[in-house]
Amino acid sequence: MSKINIYSIVKPSKDEFDTLIKEFIKMSSKYAKVEVHYIFNKNIAKAQTIGEKEAQQAYSDTYEPLLKGYNIALDVLGKKVDTYAFSSLIDDKNEVNFFIGGAFGFQRDFLSKCNTIISLSDLTMAHKVANVVLTEQIFRALCIQNNHPYHK
């Protein structure tokens with residue numbers, strides 16, 4: 001069973017978004033172990049008050065130790081993929097890590113260390129909305145891979 005991690009620079013909270021995210025994780029659990037990790041530490045908080053460059057560096061410093069397995073960054077400049085292409089991205093991988101940047105996005109250097117860079121949409125989304133969309137697409141992709149009728 002593969003493991004899928006979603007790392008997001010956001011303060012943890014319990015709200016309706018978390019309820020939806022947990023539901024998609026639960027539905028995915030028969031196909032893969034999916035976990036969402038909300039990260040917001042003192043270094044990120046301080047760096048974001050200083051400026052874009054400092055914030056991006058703090059995101060990279062936080063995320064780089066987590067680069068293992070197959071790494072996918074979500075970035076506005078990333079490739080647009082449909083659901084079938086998304087499904088093939090995570091197919092036959094033991095560990096997949098998704099990285100959602102903070103308010104200032106990613107350094108190009110961090111993006112170059114990832115295997116793939118995708119964009120969920122041309123629209124800008126709140127982190128919690130992006131997490132809901134991502135967990136739903138992960139469940140949909142796992143359904144495609146396992147011939148489950150959810151995708152239809």
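**Sheet, helices and cores in the predicted model**

Strands β3 and β4 run parallel and are joined by five bridges; helices (H or I, at least four residues) and strands (E, at least two) are DSSP runs, numbered from the N terminus. This is a predicted model, so local features need pLDDT of at least 70 and side-chain atom pairs count only at pLDDT 80 or more, while totals for chains, interfaces and linings use all residues. Residues are numbered from 1 along each chain as its sequence is written, and side-chain values use heavy atoms, with hydrogens and water left out.

β1 and β2 pair in the parallel sense over eight bridges, and I6 has V36 of β2 as its bridge partner. As for burial, β1 is mostly covered, with seven of its eight residues buried (buried means under 20% relative accessible area, exposed over 50%, partly exposed in between, with a 1.4 Å probe and protein chains only).

Now for helix α4 (residues 83-90), where T83, F86, S87, L89 and I90 are buried. These residues cover an arc of only 155 degrees around the axis, which puts them on the same side of α4; the arc is that of the directions from the helix axis to the C-beta atoms. Their cover includes β1 (2-9), β3 (70-80), β4 (95-100), β5 (116-119) and α6 (127-145). At the N-terminal end, D82 caps α4, with a side-chain oxygen 3.1 Å from the backbone nitrogen of Y84. D92, in the loop between α4 and β4, has a positive phi near 55 degrees and counts as exposed at 75% relative accessibility.

The largest nonpolar core has 27 residues, of which I4, I72, F86, I90, F98, L134 and I138 touch the most other members (such a core is a set of buried Ala, Val, Leu, Ile, Met, Phe, Trp, Tyr and Cys residues joined through side-chain atoms within 4.5 Å). Its largest share, seven residues, comes from α6. I138 touches I4, I6, V34, F86, I90 and F98, not counting residues up to four places away in sequence; contact means heavy atoms within 4.5 Å. Apart from this core lies another, of 16 residues, among them I39, A55, A58 and L66.

K128 also lies in helix α6, and this lysine is buried, with a relative accessible area of 8%. Its side chain makes a polar contact with the side chain of S13 (2.9 Å); a polar contact is a pair of N or O atoms within 3.5 Å, where within protein one must be able to donate a hydrogen and the other to accept it, and residues adjacent in sequence count only if both atoms are side-chain atoms. Leaving aside neighbours within four places in sequence, K128 is in contact with K11, S13, D15, F17, D18, I21 and Y38.

How values were computed:
Pairing = 2+ DSSP bridges.
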